[in-house]
Amino acid sequence: MELLVFIALLLVLVGILAYHRASLTLFTAAIGGLLVLGSFFGTVGLVGWILFAAVALPLNIASIRQQHITKPLLKLYRKIMPEMSTTEKEAIDAGTTWWEGDLFRGNPDWHKLHNFPKPRLSAEEQAFLDGPVETVLRMVDDWHVTHERTDLSPEVYAYLKDQGFFAMIIKKQYGGLEFSAYAQSCVLQKLTSKSMVLSSTVGVPNSLGPGELLQHYGTKEQQDYYLPRLAKGLEVPCFALTSPEAGSDAGAIPDFGVVCKGEWEGKEIVGMRLTWNKRYITLAPIATVLGLAFKLQDPDNLLGDKEDLGITCALIPVSTAGVKIGRRHFPLNVPFQNGPTQGQDVFVPLDYIIGGPAMAGQGWRMLVECLSVGRAITLPSNSTGGIKSVALATGAYARIRRQFKLPIGKMEGVEEIMARIGGYAYMSDASTTMSVGSIDLGEKPSVISAITKYHMTERMRQAIIDAMDVHGGKGICMGPNNYLARGYQGAPVAITVEGANILTRNMIIYGQGAIRCHPYVLAELQAAQLEDERAAVTAFDRALFGHIGFSISNFFRTFWLSLTNSAFSHAPVQDETAKYYKQMNRFSSALALMSDIAMATLGGDLKRRERISARLGDILSMLYITSSILKRYNDEGRQVQDLPLVQWGCEDNLYRAQLALDELFDNFPNRAVGILFKRVVFPFGRSLRRPSDQVEHQVARIMQTPCEARSRLGTHLYLTDEPNNLLGQLEKALTDILAAEPLFDKVMHAANKKLPFYRLNEVAELGLSLGVLSQAEAEKLRVAEVGRLKTINVDDFDPIDMMADKSLLESDAKAAVQAA
C-alpha cells in the first residue's frame, strides 16, 4: 500500500513538473528529494536508488549523455531523416514565424497577443481612402465593367495610374505611396465592395510582382529605372509564373533559359536565350514589362562551374523581340485582365535578371519570400471585403424582403444562414487585420499567409453561396441591380490562384508549420546537417532533449486540460470570453502533442499522408483565427454589442478544431496510437458544441439592425448612397424601411385593419386621408416604397440585348424568309 502511495506521489510530482515545463535539473532534484522522503519512511530501498542513478546520471552529465546516447541517436536520425528537395528547403527557410509559433508550442502567452499593437491608418492613408479611393469607386459601374465593356474604362486606368494605386508598396523615394500592409488591405476591401475587377487589378501589382521583387532584390540600376516608372504608371507590370504543366507545383515549371553568347544592340554579349509558355497571368494583356520565372541552365559554364542554376526571375520589356502577349482569358465572368504569354528563343542580357547575374538561380527563394507577404494581403483582403459586403447586403435584404407577412430575416432557417455569414465577416476581418499587422511589424509570415489565404477564400465562397440562398431569385437574375452574382461566379478564382486551396490545406499550412513553428524540429534538422561532428552532436543533444521534455510536458498538459475541460487553465480576462482562451490552451497543447506523435510514428511518410497533415493544419488554423477574433475584441475595447459575433466565431472554430482532432484519431494510420491518444484528449468524449440558436439569433439581429456593431462589421466598405453603388442604395433602403414601419403601424391602427406591407405609397395616401400622417411622414412611406421595390425587383432584358453576337439576328431573319 505504501509503495502504491509512493508511486502515485511520484506520478503527481512528474505531472506537475511536466505541466510547468520544469528543467531537467529541477526534475532530477525533485525526484531525488521524493526518494529521500521515501527512504525515510522505508518505502524506497537500494534498488530504487540504483535505478534512479542509472537514469539520472547519464542524463545530467553532458559528456556521458552526448557520447553514449545522443551520438548513436544522431546517427540513426540521419538515416531515417526524410529527404527534402531544394525547393522544399527554400520554402521552409522563407519568411518568419510569429504568433502561430506560440500556438504550436502548447502554451500560448495571451498577454503577448494582446500587446501586439493594433494596426492603424496614418493621416495620409486615411485621406487616400476618403479621397482617391472613393473617387475611383464613383467612376466605376460594375455592370458596365463586367458585362458591357469587360474591362475597366481608359479613364479609370488613367486615374489609377495618376493616383498611385499601382504603387502602394513602392517607397516614396521612388515616387510610390509606401503604404502599410494594413492600409493596402483597407484599400482593397473598399474596392472589392464595389468591383472585384477593380480590386484585382489594383491588388496584383501590389502583391507578388516586379515591384515587390525589385525593391527587395533588384540592383540599384534596376530600382532607379523601373520603380519610378512603375510608381507613375508608365510601366504596367505582370508576373509570369504559372505554366500549363506546372500550376500549384511551381517548382516544376518547364520554362527554361540557357546562358549563351548572342548579339544585343550590335554587340556580342553573354546573355540568356529564353523559352516559355505561361498562362493565367494577371495584367499580361496590358503589361509593358514582364516578370518571368524560369529554370536557368549554363551548359558552357559561362557563369561558373554549375550547369543547372535553378529557378531564376528576370524582368523583360514586352517590346523585346519574340515576346508574345495580348490575348485574354475569360475567368468566370469576372473579366479582370488575365492572359497567356509565350516566348521562343528570346535572347536578353544577363542584366535582365532581377538582382543581376549574382541572383541567377535564386528565384525560388525570392518568390516564396515575397509570396509570404503578398499572399497575406491581396486575396485575404479581397475575400474579407467580399464577405463583409455580403453580410451587410444580406442583412439589409433579409430585413426588407417579406414572406408570410414578416421579414425573412426573422425566420429561424434564414437566421442560421445569416449567422454564418455574419460570423465569417467578423472573423475574416479580424484574421486579415492581425495578419497584415504582423507584416507591418516586420514579419514575413509564410505560415500565416497560407492560413489566411486558404480560410478567407473558403469562407468567402461559403458566404456567397449562403447569400444566394437567402436572396433566391434576386441573386440568380443577372443585371445592373444584382450585387451578388459576380461574386458567386468568381469565387473559384480566389480558391484557385496563389496556391490552390487543396494544396494549401493538405500540404503547405502544416508542411511549413510543423517545421517552422515547432520549437525543436528545425533545430534537429539543422544540427544533423552540420559537417563538424562535435558541433553536430552538441547542437543535436540540445534540440533532442529539449524536444523530449517538450513532448512529455505536452502529454501531461493535454491530459490534465482535457480531464478538467480546461477549467483551471489560465485566461487573461475573466468575462464571457475566458472559456475560449482556456479551450485554446487545451487545443494548443493537443496540437503540439499530436504533432510529435505523428512525426514519431510516421516519420518521413507524414508529408505523404496529406489528410493527416490537413487535419493537424486545420487545428493550427482554427487556433490562429480564434486568436485573431479575441484580439480584435480586445483591441476594439471589448464592445459588449459585438459579443454575439465573438461567441459565434470562437465556438464555430473551436468546434472545428475538436472535429479535426477527432477525425485525426479515427483515421490515424497506427490504430492503437489513435485509440490511445483519443482517450488522452477526449477522456469523456467531445464536449464542445456548435454556436447555439440563441447566439445565431443575436448575430442575425445585428446584421439587420443599424447599430454600432453592424457599423464595425462594415468598416472600410463603400456605403455611399449614390447611383451605381448598389450596396449604398441598399443601406439607404434599409434605413427608410425601418423609419416607415412605425408609420405603417400607425395607419393600420387608425384604419382598424391589417394591411400587407407593400404599396406603401397607397398606405401614405390612406394615412393622409385619415389625418394620422403629416406630409413629411407620408413622403417617408413613398421613399421607402421606392427603395423596397428596387431591393426586391430583378432586371429583365429585351432578348436582343442578351445576344452577344447580334449578327445572328440577320442570319436568322434570312433563314426565316427562305423558309417562308
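**Exercise 1. Describe how helix α17 (residues 412–440) and helix α26 (residues 643–666) cross.**

Solution. The axes of α17 and α26 come within 9 Å and cross at roughly 90°, where an axis is a line fitted to C-alpha atoms, for helices over the stretch in contact, and the angle runs from 0 to 180 degrees between N-to-C directions. Helices (H or I, at least four residues) and strands (E, at least two) are DSSP runs, numbered from the N terminus.

The next step is to list the residues that touch, taking contact to mean heavy atoms within 4.5 Å. On α17 these are Ala419, Arg420, Gly422, Gly423, Tyr424, Tyr426 and Met427, and on α26 they are Leu645, Val646, Trp648, Gly649, Asp652, Asn653 and Arg656. Sorted by class, the contact of α17 with α26 has seven nonpolar, four polar and three charged residues; here Ala, Val, Leu, Ile, Met, Phe, Trp, Tyr, Cys and Pro count as nonpolar, Asp, Glu, Lys and Arg as charged, and the others, Gly among them, as polar.

Before going on, note that this is a predicted model in which local features need pLDDT of at least 70 and side-chain atom pairs count only at pLDDT 80 or more, while totals for chains, interfaces and linings use all residues. Residues are numbered from 1 along each chain as its sequence is written, and side-chain values use heavy atoms, with hydrogens and water left out.

**Exercise 2. Work out which residues join helix α4 (residues 62–80) to helix α22 (residues 521–528).**

Solution. Start again from the axes, which for α4 and α22 come within 10 Å and cross at roughly 95°, and this angle makes α4 roughly perpendicular to α22. The contact is made by Leu74, Tyr77 and Arg78 of α4, together with Val521, Glu524, Leu525, Ala527 and Ala528 of α22. By class, the contact of α4 with α22 has six nonpolar, no polar and two charged residues.

**Exercise 3. Find the residues that touch the most other members of the largest nonpolar core.**

Solution. A nonpolar core is a set of buried Ala, Val, Leu, Ile, Met, Phe, Trp, Tyr and Cys residues joined through side-chain atoms within 4.5 Å. Buried means under 20% relative accessible area, exposed over 50%, and partly exposed in between (1.4 Å probe, protein chains only). The largest core has 119 residues, of which Trp99, Met594, Leu616 and Leu661 touch the most other members. Taking Met594 and leaving aside its neighbours within four places in sequence, we find contacts with Leu616, Leu661, Leu664, Phe665, Phe668 and Phe677. There is also a second, separate core of 55 residues, which includes Ala240, Ala293, Leu315 and Ile354.

**Exercise 4. Determine how many disulfides the structure holds, and examine Cys650.**

Solution. A disulfide is a pair of cysteine sulfur atoms within 2.5 Å, and the structure holds zero of them. The sulfur of Cys650 is 19 Å from the closest cysteine sulfur, in Cys707, and this is too far for a bond. Cys650 is buried, with a relative accessible area of 0%.

**Exercise 5. Decide how covered helix α13 (residues 210–217) is, and by what.**

Solution. Helix α13 is mostly covered, since seven of its eight residues are buried. These are Pro210, Gly211, Glu212, Leu213, Leu214, Gln215 and Tyr217. The elements that cover them include α14 (220–232), β1 (237–240), β4 (289–297), β5 (308–317) and α15 (363–374).

Technical notes: Angles under 35 degrees count as roughly parallel, over 145 as roughly antiparallel, 65 to 115 as roughly perpendicular and the rest as oblique.
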